[in-house]
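This briefing covers a pocket and a helix pair. The sequence and structure come before the details.

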Amino acid sequence: STHPRLTYPRIRIALGENSQASFVTSWHTLGQHPGFTNAVTEIKLAKDARLDYYTLQTQMGQAYQVNSTQCYQAGQSVLNTYTFTWDGVLVRNNLNTYIYAPHSETNMYGLYCLDKQQHVDNHTMVDHQVPHTQSNELYKGIITGEATGVFNGRIYVRAEAQKTNAFQANNNMVLTDQATIHTKPQLEIWADDVKCSHGATIGQLDEAQLFYLRARGIPITSARYMLLNAFVSDVIDTVALPVLKHYLRQLLETKLSTFGLEVAK
């Protein structure tokens, strides 16, 4: 675009009984002019429906986005969400899921890779309202430059939601002293017959692992690339579409190359 732009897209996805679909949203901007996107998505899954919902954020220049997604799951439905944030000056992702029928499952996967002065917020919520439901959440981040990453994940387990399994993890790799990460995984549990866990890690590249690779003749930039690629591979491997998985690996290679890292030839 040659001028600043404001966009307000609204998406509604409704899957009927026994249906299955994959849906990919790709947010991409061209040019260096400021742009603001305020996106709202509503997802409703009927009984025995399954949805793989992918969000790709490859915004450039002066791009700002607030992305809000509300999900509602009926019985025996499966919802898999994938959020990949590669660029954007300021990105806020709100992902909320309400499970209101038994034997439903939610899996949330996320990866954010930031540099310069970029900022991303990932705020997630899973509300287990009934018994026999399951959720699993895994978000990983690589932060360098003066970038800032925020993860705020909350899981509610209502008093009626016995036999709930809920797991949440956020792992981060910080590559510079100026980079910042704020992580806050939370559980609010009112039931007593549940299996729930949450955790967060923030660290740097392991010097012992770097030494091992360098001792075998691998350049330092390639060694760092290999360790970071291994760090996020379990998130990318969850993608069910082979073409999309290959594309994400290309995006990761391109992004890490901007950090001064390269694939070993």
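How do the residues of the lining of the largest pocket divide into nonpolar, polar and charged? They divide into four nonpolar, 11 polar and four charged (Ala, Val, Leu, Ile, Met, Phe, Trp, Tyr, Cys and Pro count as nonpolar, Asp, Glu, Lys and Arg as charged, and the others, Gly among them, as polar).

The model is predicted, with local features needing pLDDT of at least 70, side-chain atom pairs counting only at pLDDT 80 or more, and totals for chains, interfaces and linings using all residues. Residues are numbered from 1 along each chain as its sequence is written, and side-chain values use heavy atoms, leaving out hydrogens and water.

**Largest pocket**

- The space in the largest pocket is about 440 Å³ (a pocket is an open set of points on a 1 Å grid over the protein atoms alone, where a 1.4 Å probe fits, with protein on both sides within 12 Å along at least five of seven lines; the volume is the space filled by probe spheres set on the points, which are joined across faces, edges and corners).
- Its lining has 19 residues, and Q59, M60, D87, Q118 and K255 are the closest to the centre (lining residues have an atom within 4 Å of a point).
- Two or more lining residues come from each of β7 (78-87) and α3 (242-258) (DSSP runs numbered from the N terminus: helices H or I, at least four residues; strands E, at least two).
- The most is given by α3, with four residues.

**Helices α2 and α3**

- The axes of α2 (residues 220-236) and α3 come within 11 Å and cross at roughly 150° (axes are lines fitted to C-alpha atoms over the stretch in contact, with angles from 0 to 180 degrees between N-to-C directions).
- The two helices are therefore roughly antiparallel (angles over 145 degrees).
- Contact (heavy atoms within 4.5 Å) involves Y225, L228, N229, V232, S233 and I236 of α2, and K245, L248, R249, L252, E253 and L256 of α3.
- The residues of this contact divide into seven nonpolar, two polar and three charged.

Terms used:
Angles under 35 degrees count as roughly parallel, over 145 as roughly antiparallel, 65 to 115 as roughly perpendicular and the rest as oblique.
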